[in-house]
Structures are given as structure tokens and as C-alpha cells.
Amino acid sequence: MVFDKFKEECGVFAVFNHPEAGNLTYLGLYALQHRGQESSGIVSSDWTQHHAEVGMGHVNEIFTEARIAALKGRMAIGHNRYSTHGQSLLKNAQPIAIDYARGPLALAHNGNLVNADAIKERLEREGSIFRSTMDSEVIIHLIAKSRGARLQDQVADALRQVEGAFSLVIMGAKELIIARDPYGFRPLAMGRLGKAYVFASETCAFDLIEAGYVRDVKPGEMLVINEDGIFSSFPFAPAPTHHCIFEFIYFARPDSNIFGENVHTIRKRFGRKLAQEKPVQADYVIPVPDSGVVAALGYAEASGIPFEKGIIRNHYVGRTFIEPAQSIRHFGVKIKLNPVREVIKGKSVIVVDDSIVRGTTSRKIVKMMRDAGAREVHMRISSPPTTHSCFYGIDTPTRSELIAATYSVEETARFLGADSLAYLSVEGMLSAVHERRNDYCTACFNGRYPVTTGIVESQLALLDRRPEHPVTAAK
Ligand code: AMP
């Protein structure tokens, strides 16, 4: 693979026409930290030139007062990057900032382009030189090569050639361009702060800066914001809406509203539905913090079984997936979660988490519960079995590493060492989003990929071989 696929979970933010654009972008990125902790960057514009501050790590580690002060101008874009495996490199940090024939250009991207490899190969044959391994860099090259008269024509030209997921904030010297792919895979919201326009992956970023939510950027919409005003167009071929359901399951913050719904509300409905579909008797419902908390509340409410905080999360370590090497990731689980023995000892517990990917986390949690004296451990997962990789921007390993791609629920339960294991059904999950249920991408649960270009055959076909997996080595 030429590009770092499956690594483009990210958060983007943009401000137009505010004297503290750089500072606000810093705060916006702070609120969007959950969407990416590998690197972070801000590029501002003083209408003549761009100023860039980019670094590895968390937002509050990178941006000192001096670095924020260096972000001059009334317009800025920012990006948090998420990476889990492969190399974590500064050259892959965004926004990508360059100078080209028309002056400064900066771009920040959330999503994953499925045909980036093919475009990159073509461009390299024609002499283009790439400096990163990011699919987003392809867009910069396509913009620079376009013969369009204005920046917005060049951007539209470039984006018509790419396929897959993009929620983009792009900045020239004097204008901001916002674009969302026609499927609407990733969220992107518009807000106002006085006279300024602000854009963010999630509305939680607006709360911190006291901006008001205006509306979502529509799937397939391109917005141009400059001194003449704000202009909307739909320059791409239309496509059926396919919002990423996994944003509700795991990725987005519960206080955000995305795709027209509140994340907390939907997540709780997943839990309620799970309790109705997969009931079990127990003393307590215990969430895996933080990802399982809201669904566990729903499960407890619907089942009438008391909710207990039986697992404590150390908030000063990052998320499980941050570490690039598998061995460190396992270590991460261990240092992150700890049992409250007094709650668990002698009790039968229902442990609720949002998803099982490789099965590693749940397995450790079940062991942790048993070691803490649990009598019975029932795992309940507030999403269906993850059987397929995501190609549109959620970090997932290859299919052969997804435990549900090869093993049955019973086999997985054995691997976890759980007394029982049950998942929310696809039907149940979609019933939580009510009448707009056809507007969601559920490919990671059923392989129905809305865009298949660039996806290797082996990822689409059913796995015909059972890869090495330590199912038999359980407990
Ligand atoms: P695993 O140990 O591979 O089964 O991972 C499952 C855990 O990872 C669950 O606790 C999920 O909350 C979390 N998770 C699921 N999807 C992702 C993702 N794309 N990025 C980071 N963490 C995830």
C-alpha cells in the first residue's frame, strides 16, 4: 500500500474573519482532541501569507502562547490527526501547507480517499513529487494542476477526481473553501461567532468558543467564504447519503450533534435496544469507560439492572489505539483500566462496550473482572460484530485481524473467556436512528461498501481461510 490507509480518523476546524482566528482554532482543536491525538496543526492567513504551527502530540502540548501568537491573521484552519499503526511522522501532520502558482494554500482533511493510490501513481509518472504518505496530499496536487480560473474552480476540479470520504477545510490567501463528499461519510458543521464563520467536525468544538451552530455542511456541498460573503454550490456528482454509523457508536463525542442527531441520545438508544434484544440476568451493568458508558446507561435503564462504575479509567493515558506497535497497545489497555474490586467481588456483571475489533480489549476486561472476583461475566456490545474494514476514515485493521470476520459469536465468547457474549443487531442499530436509517453506511458490519473503487478484492470477499487467531488459547 502506498498510503497509510485506515488512518484518517481526524478532526478539522476553520475560522473566517475573526481577530483571534488562531487562538479559536486552537480551542476548537482542543475540543476535538478525541478525533486525533497523534499530531495537530494550525495554519492562519493574514490575507497575504500563511503562518503554520504543526507538531506531534496533543493540542495542549504543541501550542504554547508564543506559537498561538505567531498564528497571525483573521482566518485559520486546523487539524488533529489520529494514527494507530504504521509510522507516526511529522511529515504526515496536517494541515498540509504549500505555496503554488497562485500563492499560499493549506488543506486539512478528515476522511479517506479510496482512489488515492491510483491518482498518486499517475501523478508520479507525470513528475509530481510527494512529501508525505497521506492520501490528502493528492488533493493538493490536483488543485495545483487544475486549469480552473479561481481557487474554488480548482478545488471542485480536484475533488471531482477523488472518490471516498472527505470533510475538507481549504484556505487560500484570502478565502476559505469547505467541502464535504456527496455521501456525507464524515460530519462537518457550520457555526457563527459574531461576524465570523466557524466550521468543525463536531459541534462540541462550537460550545467551547461560544459559537452558535447554524447547520451541517450538506453532503456534496462546497462553500466558498470570502470578503464578498458565503457561497454554496454542489459541484460533484450526486450520491446516496451514507453517513458513518460508527461515528455514533464510538467516535464522536456524546455532547456533539452530528448528522442531525445528538450522539448521546443515539448511543443510549443503542444500549436500550441491546437490552431488549439480548437480555441477561445479573447484579450490575458495568460500562467499559469511556466508550461504553452511554450505551450501558441505556442498557441499565431498559433492563432495570443497576448501573455501577466497576471499571475506572485513568484519563491521563491516551486511547487504546494510539500506540503504533501492537505490544504497546496491549500494555495501554492494562495501564488504562482498573477494576473496583469491592463492586465486582462475588457479583454477576454485564459489561457493556461499544465494539469489539480484534477482541484484545474485551478479553483483558473479562480477565480483569474474573481476577476481581466476578461470579459471572456477560459481555454486551452496543454495535453488531465488526466483520469488515473501513475504507472511509475509521481506523480498522485488515479483515483477517477482525475477530468477527472469521469467528462465530460463540467462538469469540470462548476467546474472551466470557460466560456469554451478545451484540446489537444491524436492524436494532438502525432502528435507533429512526426514519433516516437508509442514510447510513454500515459496511463495517455487512460489507455493503457504497464506494468500492480501490478496495482490494480480498477485503470484500468472504474470508475462506481462518487466519491464525489464538481462540483456542483463551484463558
Ligand atoms: P479490540 O481490543 O481490538 O477488540 O478493540 C476494541 C476496543 O477498541 C473497544 O473498547 C472500542 O471502544 C475501541 N475501538 C473500537 N473502534 C476503534 C477505533 N476505530 N479506534 C480506536 N478505538 C476503537
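Mentor: We begin with strand pairing: two strands pair if DSSP finds at least two bridges between them. Strands themselves are DSSP runs (E, at least two residues), while helices are runs of H or I with at least four residues, numbered from the N terminus. The model is predicted, with local features needing pLDDT of at least 70 and side-chain atom pairs 80 or more, whereas totals for chains, interfaces and linings use all residues. Residues are numbered from 1 along each chain as its sequence is written, and side-chain values use heavy atoms, leaving out hydrogens and water.

Trainee: What is the bridge partner of Ser40 in β4?

Mentor: Ser40 has Asn80 as its bridge partner there. β2 and β4 are antiparallel and pair over seven bridges. β1 also runs antiparallel to β4, joined by seven bridges, and Val12 stands opposite His79 of β4.

Trainee: How many residues of strand β4 are buried?

Mentor: Buried means under 20% relative accessible area, exposed over 50% and partly exposed in between, with a 1.4 Å probe and protein chains only. Seven of the seven residues of β4 (residues 75-81) are buried, so the strand is largely enclosed by the rest of the structure.

Trainee: Which residues point one way from β4, and which the other way?

Mentor: In a regular strand, side chains alternate between the two faces of the sheet. From β4, Met75, Ile77, His79 and Arg81 point one way, and Ala76, Gly78 and Asn80 point the other way.

Trainee: How is a pair of aromatic rings described?

Mentor: By the distance of the centres and the angle of the planes. Rings of Phe, Tyr and Trp (its six-membered ring) pair if their centres lie within 6.5 Å; planes under 30 degrees apart count as stacked, over 60 as edge-to-face and the rest as tilted. The structure holds 15 such aromatic pairs. One of them joins Phe16 and Trp47, with centres 5.7 Å apart and planes at 55°, so this pair is tilted. Phe16 is in strand β1 (residues 10-16) and Trp47 in the loop between β2 (39-45) and β3 (50-56), 31 residues apart.

Trainee: Are Phe16 and Trp47 buried or partly exposed?

Mentor: Phe16 counts as buried at 6% relative accessibility, whereas Trp47 is partly exposed at 28%. Another pair is Tyr26 with Phe63: their centres are 6.0 Å apart and their planes at 70°, so the pair is edge-to-face. Tyr26 lies in helix α1 (residues 21-31) and Phe63 in the loop between α2 (59-62) and α3 (65-69), so the pair ties together parts 37 residues apart in sequence. Both Tyr26 and Phe63 are buried.
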